[in-house]
Amino acid sequence: MSLIQAQAQTKLFVAPNGSDADPGTLAKPFATLEKARDTLRELRAANPKLEATISLRGGSYFLTQPFVLLPEDSGQGVTPIGIQAYGNEIPVISGGQPIKMTKDDRFWKAKVPDDWNFTRLYVNGQPRVRPRLPKQGYYFVRGELEPTAANKDKGFDRFTFAPGDFKANWDNLGDVEMLGMQIWSMARLRVSSVDDKANIVNFTGPTASKAAYQKLPVGGRYLIENVKEALTEPGEFYLDRKTSELTYIPMPGEDIATAEVIVPRLNRLVELRGDVKNHQWIQNILFDRLTFAHTNWETPPAGYVF
C-alpha cells in the first residue's frame, strides 16, 4: 500500500467498464477521469483540506479530449491528491481510437474520417511506421543551393539530389517529408515540388537559420518519409489523405480478427492549466503508476526545423 493510499480519507474509483451514473466506489466505479475529478471538486468545495485518491482499474481509457486540471484541483498541505493505478493493475490513458480493418490480399485497409491525420499507428501495443526511402542506409545531398527568394534570410529550403532519389510523379507529393541530418539537429521538411530534370527538390519551409550547422550540405545524410509508392515492408502503413484510406502491411503472425489497431488522435493527454495572471498554480498532485499512450503528432505545414 502506498503512502497516499494509507493517508487518504476519500477514495474514488474509475474503471473502463464503470458508469458515470454510479457513485465511484470500488464496487461501482466511475467510467471517466473527468467524473472523478468533478466529484472531488464538489467534495472539496465543502472541505478544502480533504485528502483523496482517484484509483484507476486496469484497462484502456480512450480520451476524446485532454484531461484538464486547474489550480482548484491542487492538493493541500503536505499530502498530494493521488491519481494512481489500483493495486498492481495497469491502467492505460490513451489518446488514440481503436479501429477495425479489413483484409485485401496482403494489406489491411480501413476508411477513416476525412479530417484525420497521423504519423504513427499502433498494432497490439507496438508502434508502426510510415514507409521510408531508402529502405537501408541514407541518401546524400548532391549539391547545396541558396535559399529561394522567399526564404533568403531565414534558412535553406532546397538542394540537388542524385537522380532517382526524389520523383515528381509520386502520389500525394505534398505529404512527403525529408528528414535532413544536420550537425546539431535534424530538419523535417515537407516537399513542395520536385524538378526531375534538374534534380532539385524544394520544400514548403526553410531550416531554422542560415548558420553553418543548419545547412543542408553536400554529402549530408537524409531520409524520405511517407512515400505511398514505398509501402512494401511488413510493419509499414500509409494514410492517403485524398481518399481517407489507411493501408497497413501486417507483421508476421498478426491476425486481423484479434489485432488491436489504434489510431492516435490527441496531441496532449493531460493539461495542467495554471492561472498565471493571478499567480494560482497547480501543485501537490501525484500521478502514480499510470501508462500514457498513443499521442498524435503532425508535421506543420512549413515543416519542423529541428
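Analyst: Two strands pair if DSSP finds at least two bridges between them. Strands (E, at least two residues) and helices (H or I, at least four) are DSSP runs numbered from the N terminus. This is a predicted model, in which local features need pLDDT of at least 70 and side-chain atom pairs count only at pLDDT 80 or more, while totals for chains, interfaces and linings use all residues. Residues are numbered from 1 along each chain as its sequence is written, and side-chain values use heavy atoms, with hydrogens and water left out.

User: What order do the strands of the open sheet have?

Analyst: The order is S1-S2-S5-S24, an open sheet of 4 strands with parallel pairing. Strand S1 (10-14) and strand S24 (285-288) are the edge strands, each pairing on one side only. From one strand to the next, the twist averages 15 degrees (axes are lines fitted to C-alpha atoms, for helices over the stretch in contact, and angles run from 0 to 180 degrees between N-to-C directions). S1 pairs with strand S2 (residues 52-56) in the parallel sense over 5 bridges. Leucine 56 in S2 stands opposite valine 14.

User: In which sense do S17 and S18 pair, parallel or antiparallel?

Analyst: Strand S17 (residues 186-195) pairs with S18 in the antiparallel sense, over 4 bridges. Phenylalanine 203 in S18 stands opposite valine 191. The hairpin of S17 and S18 has 4 residues between the strands, and asparagine 199 there takes a positive phi near 55 degrees. S15 also pairs with S18, antiparallel over 3 bridges, and threonine 160 has isoleucine 200 in S18 as its bridge partner.

User: Which residues cover the faces of strand S18?

Analyst: First, the term: a residue is buried under 20% relative accessible area, exposed over 50% and partly exposed in between (1.4 Å probe, protein chains only). In strand S18 (residues 200-203), Ile200 and Asn202 lie on one side, Val201 and Phe203 on the other, and all are buried.

User: How many salt bridges does a search of the whole structure find?

Analyst: A salt bridge is a side-chain nitrogen of Lys or Arg within 4 Å of a carboxyl oxygen of Asp or Glu. The search finds 23. One of them joins arginine 57 and glutamate 89 (2.8 Å, N to O). This pair links distant parts of the chain, 32 residues apart: arginine 57 is in the loop between S2 and strand S3 (59-62), and glutamate 89 is in the loop between strand S5 (81-85) and strand S6 (91-94). Arginine 57 is partly exposed at 26% relative accessible area, and glutamate 89 is partly exposed at 28%.

User: With which residue does glutamate 177 form a salt bridge?

Analyst: The partner is arginine 188, with the closest N and O atoms 2.8 Å apart. Glutamate 177 is in strand S16 (residues 177-181) and arginine 188 is in strand S17, 11 residues apart. Both are buried. Arginine 188 also forms a salt bridge with glutamate 225, at 3.0 Å between the closest N and O atoms. Glutamate 225 is in strand S19 (residues 221-225), 37 residues from arginine 188. The relative accessible area is 14% for arginine 188 and 3% for glutamate 225.

User: Where is aspartate 157 found?

Analyst: Aspartate 157 is in the loop between strand S14 (143-144) and strand S15 (158-160). Aspartate 157 is buried yet has no salt bridge, and the nearest side chain of opposite charge, arginine 158, is 4.5 Å away (Lys and Arg count as positive, Asp and Glu as negative; His and the chain ends are not counted). Beyond its neighbours within four places in sequence, the contacts of aspartate 157 include Pro147, Asn151, Val201 and Phe203, where contact means heavy atoms within 4.5 Å.
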